[in-house]
Amino acid sequence: MRYGIFSDVHSNLEALEAVLKAYEQEKVGQYYCAGDIVGYAADPRECVAKVSSLPGTAVAGNHDWAAAGLFPSEYFNSFARQAIAWTKSTLSESSGLGYLAALQLVCRNPDLVLAHGTLHGPQFFDYMLGFSEAAATFAALGQDNICFVGHTHVAGIIIRDESGGMRQETGGSCRIVKGKKYIVNVGSVGQPRDRDPRAAYCVYDSEASMVSIKRVAYDIRKAAGKIAENGLPAYLGERLLTGT
Ligand code: ZN
C-alpha cells in the first residue's frame with residue numbers, strides 16, 4: 001500500500017489543496033492524517049470536509065479536541081486559544097465538531113501506527129522533541145516497527161537500531177529495514193516551523209519499505225490574507241510566510 005500521511009493542516013485550505021494535488025502524482029491508496037486538522041487558519045469547515053472525505057483515517061490532535069470541547073484550552077498560548085474559540089464558533093456539530101469529537105487518539109494497522117504527539121501518552125499531546133520521548137514511544141510500539149506523528153510542525157525521522165542506539169534524520173527519504181524501528185514526524189501541512197514555509201507531506205510505501213518526506217509550495221499570501229480578514233491574530237498569517 002502507498003500511504004499519504006500528513007499532519008497539522010490547521011485550517012489552511014490553500015496548503016491542504018496543494019498537498020492533495022501533489023499526492024495525485026504519488027498513486028496513494030490511503031490517506032492518514034496525524035491530527036490538528038483545525039486551529040490557527042481560516043478554513044476549518046473546508047479542511048474537515050476534505051480530510052474526512054479521503055479514503056483512510058485521521059487521529060485527534062490537541063486543536064481538534066479543544067475545538068470539540070474534549071481538551072482544555074488553557075493548555076494553549078493566547079494566539080492558539082483565540083483561534084480555537086473562533087474555530088468553535090465557525091463550526092457546527094454537522095460541519096465539523098461532530099467529526100472532530102469522534103476522532104480517536106491512536107490508529108494501528110498491520111503496516112503502521114499513527115498518533116498526534118507521542119504514542120506512549122497520546123492523550124497528553126506532548127511533543128516528540130528528542131531521544132527520551134522517542135525511547136518511550138519505541139517501547140509503546142511493541143512488535144510494530146513504524147510510528148507516524150506530527151504536532152511539532154518539524155519533519156524528521158528517529159531510527160532505533162537492533163542494539164537500541166538512536167539517531168535522527170531531518171527528512172528526505174529513508175529505507176525501512178527489518179529489525180530497526182522508526183518514528184516519522186511528517187511535519188506540518190498548514191504551519192511549518194522549520195523555516196521552510198512550503199507545506200510538508202509524507203509518502204509511505206509499505207511494500208517498497210520506503211518513507212519520503214516532501215515539500216510543496218502553495219499560495220501563502222492568500223491563506224495569510226484570509227486569517228487577517230476573519231479577525232484572527234495577524235501573527236498567525238505572518239508566521240506562515242517565514243515558516244516559523
Ligand atoms: Zn499542530
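User: In this predicted model, where does Ser95 lie, and why is Ser95 called buried?

Analyst: Ser95 lies in helix α5 of what is a predicted model. Its relative accessible area is 14%, and a residue counts as buried when that value is under 20%, so Ser95 is called buried.

User: What makes the approach between Ser92 and the side chain of Ser95 a polar contact?

Analyst: The backbone nitrogen of Ser92 lies 2.8 Å from a polar atom of the Ser95 side chain, and the cut-off for a pair of N or O atoms is 3.5 Å; the distance of 2.8 Å is within that limit.

User: How do you know that the buried residues of α5 line one face of the helix?

Analyst: The buried residues of α5, which spans residues 93-101, are Ser95, Gly96, Leu97 and Leu100. Seen down the helix axis they fall within an arc of 105°, and therefore they line one face. The face turned away from this buried side carries the exposed residues Glu93 and Ser94, while the buried residues themselves pack against α2 (44-53), α3 (62-67) and α4 (78-90).

User: What arc do the buried residues of α6 fall within, and why are they said to line one face?

Analyst: In helix α6, residues 131-141, the buried residues are Ala134, Thr137, Phe138 and Leu141. Their arc, seen down the axis of α6, is 105°, so they too are described as lining one face of the helix. On the other side of α6, Ser132 and Ala139 are exposed. The buried residues of α6 pack against strands, namely β4 (106-109), β5 (112-115), β6, β7, β8 (166-169) and β10 (181-185), and the helix is followed by Gly142, whose phi is positive, near 65°.

User: Why is Glu238 called partly exposed?

Analyst: Glu238, which has its place in helix α8 (residues 235-242), has a relative accessibility of 48%. Buried would require a value under 20% and exposed a value over 50%, so at 48% Glu238 counts as partly exposed. Glu238 and Arg221 are 17 residues apart in sequence, and their C-alpha atoms are 9.0 Å apart in space.

User: Which residues are the protein donors of the zinc ion, and what makes its site irregular?

Analyst: The protein donors are Asp8 through OD, His10 through NE2, Asp36 through OD and His153 through NE2, at 1.9 to 2.6 Å from the zinc ion, and the cut-off for a donor is 2.8 Å. The angles among the four donor atoms run from 89 to 176°, whereas a tetrahedral site would need all of them between 85 and 135 degrees; the site is classed as irregular.

User: How are these donor residues spaced in sequence, and which parts of the chain do His10 and His153 link?

Analyst: The spacing is D-x1-H-x25-D-x116-H. His10 sits in the loop between β1 (2-6) and α1, and His153 in the loop between β6 (146-149) and β7 (156-160), so that the pair, 143 residues apart, links distant parts of the chain. Both His10 and His153 are buried.

User: What does the largest nonpolar core consist of, and which of its residues have the most contacts inside it?

Analyst: This core has 51 residues, and those with the most contacts inside it are Phe6, Tyr23, Ile37, Leu100 and Tyr218. Its largest share, eight residues, comes from helix α1 (residues 13-24). Apart from this core lies another, of 22 residues, among them Tyr32, Val59, Phe148 and Tyr204.

Conventions. Residues are numbered from 1 along each chain as its sequence is written. This is a predicted model: local features need pLDDT of at least 70, side-chain atom pairs count only at pLDDT 80 or more; totals for chains, interfaces and linings use all residues. Side-chain values use heavy atoms; hydrogens and water are left out. A nonpolar core is a set of buried Ala, Val, Leu, Ile, Met, Phe, Trp, Tyr and Cys residues joined through side-chain atoms within 4.5 Å. Buried means under 20% relative accessible area, exposed over 50%, partly exposed in between (1.4 Å probe, protein chains only). Helices (H or I, at least four residues) and strands (E, at least two) are DSSP runs, numbered from the N terminus. Donors are N, O and S atoms within 2.8 Å of the metal (3.2 Å for Na, K and Ca); water is not among the atoms, so sites may look incomplete. Four donors count as tetrahedral if all angles lie between 85 and 135 degrees; four count as square planar and six as octahedral if opposite donors are over 155 degrees apart and all others between 65 and 115; anything else is irregular. The arc is that of the directions from the helix axis to the C-beta atoms. Contact means heavy atoms within 4.5 Å. A polar contact is a pair of N or O atoms within 3.5 Å; within protein, one must be able to donate a hydrogen and the other to accept it, and residues adjacent in sequence count only if both atoms are side-chain atoms.
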